[in-house]
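Please look over the sequence and the model shown below before reading on. The report that follows moves from the whole chain to single contacts between side chains.

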Amino acid sequence: MAGSRVAHATLKGPSVVKEILIGIALGFAAGSVWKMHHWNEQRKVRSFYDMLEKGEITVVAAEE
């Protein structure tokens, strides 16, 4: 009796190129989120100092 051929999925190791591309894509995504956060914080600080310079706000507590 001859052994029948059954198609089995062969397990392969990790694809190095695929891993590198996924790493680059995740790096760009995380970097973009970080830069947007940084720009938002920078805008808030710049707005605060502009308002402080114009005299619209003060950092001294008002005396009653």
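## Surface and overall fold

The protein exposes about 6600 Å², and carbon and sulfur atoms supply 63% of that area; accessible areas come from the Shrake-Rupley method with a 1.4 Å probe, and for residues only the protein chains shown count as cover. This is a predicted model, in which local features need pLDDT of at least 70 and side-chain atom pairs count only at pLDDT 80 or more, while totals for chains, interfaces and linings use all residues. Residues are numbered from 1 along each chain as its sequence is written, and side-chain values use heavy atoms, with hydrogens and water left out.

Of the 64 residues of the protein, 0% count as buried, where buried means under 20% relative accessible area, exposed means over 50%, and partly exposed lies in between (1.4 Å probe, protein chains only). The protein has one helix and zero strands; helices (H or I, at least four residues) and strands (E, at least two) are DSSP runs, numbered from the N terminus.

## The helix H1

The 39 residues of H1 should span 57 Å at 1.5 Å a residue, and the end C-alpha atoms of H1 are 56 Å apart, which agrees; the expected span is 1.5 Å times one less than the number of residues. After H1 comes glycine 55, whose phi is positive, near 85 degrees.

A nonpolar surface patch of about 620 Å² is made by Val16, Val17, Ile20, Leu21, Ile24 and Phe28. Patches are made of residues with over 30% relative accessible area and no salt bridge, with like charges joined within 9 Å and nonpolar side chains (Val, Leu, Ile, Met, Phe, Trp, Tyr) within 5 Å. Isoleucine 24 is found in helix H1.

## Contacts between side chains

Side chains of opposite charge can pair when their charged atoms come close. A search of the whole structure finds one salt bridge, that is, a side-chain nitrogen of Lys or Arg within 4 Å of a carboxyl oxygen of Asp or Glu. Lysine 44 and glutamate 41 form a salt bridge through their side chains (3.6 Å, N to O), and both lie in helix H1 (residues 16-54), three residues apart, about one turn of the helix.

The count of aromatic pairs comes to one. The ring centres of phenylalanine 48 and tyrosine 49 are 5.2 Å apart and the ring planes stand at 75 degrees, so the pair is edge-to-face; rings of Phe, Tyr and Trp (its six-membered ring) pair if their centres lie within 6.5 Å, and planes under 30 degrees apart count as stacked, over 60 as edge-to-face and the rest as tilted.

Threonine 58 is found in the segment after H1, and its C-alpha atom is separated by 9.9 Å from that of phenylalanine 48, ten residues apart along the chain.

| Residue | Relative accessible area | Class |
|---|---|---|
| Lysine 44 | 43% | partly exposed |
| Glutamate 41 | 34% | partly exposed |
| Isoleucine 24 | 42% | partly exposed |
| Phenylalanine 48 | 33% | partly exposed |
| Threonine 58 | 57% | exposed |
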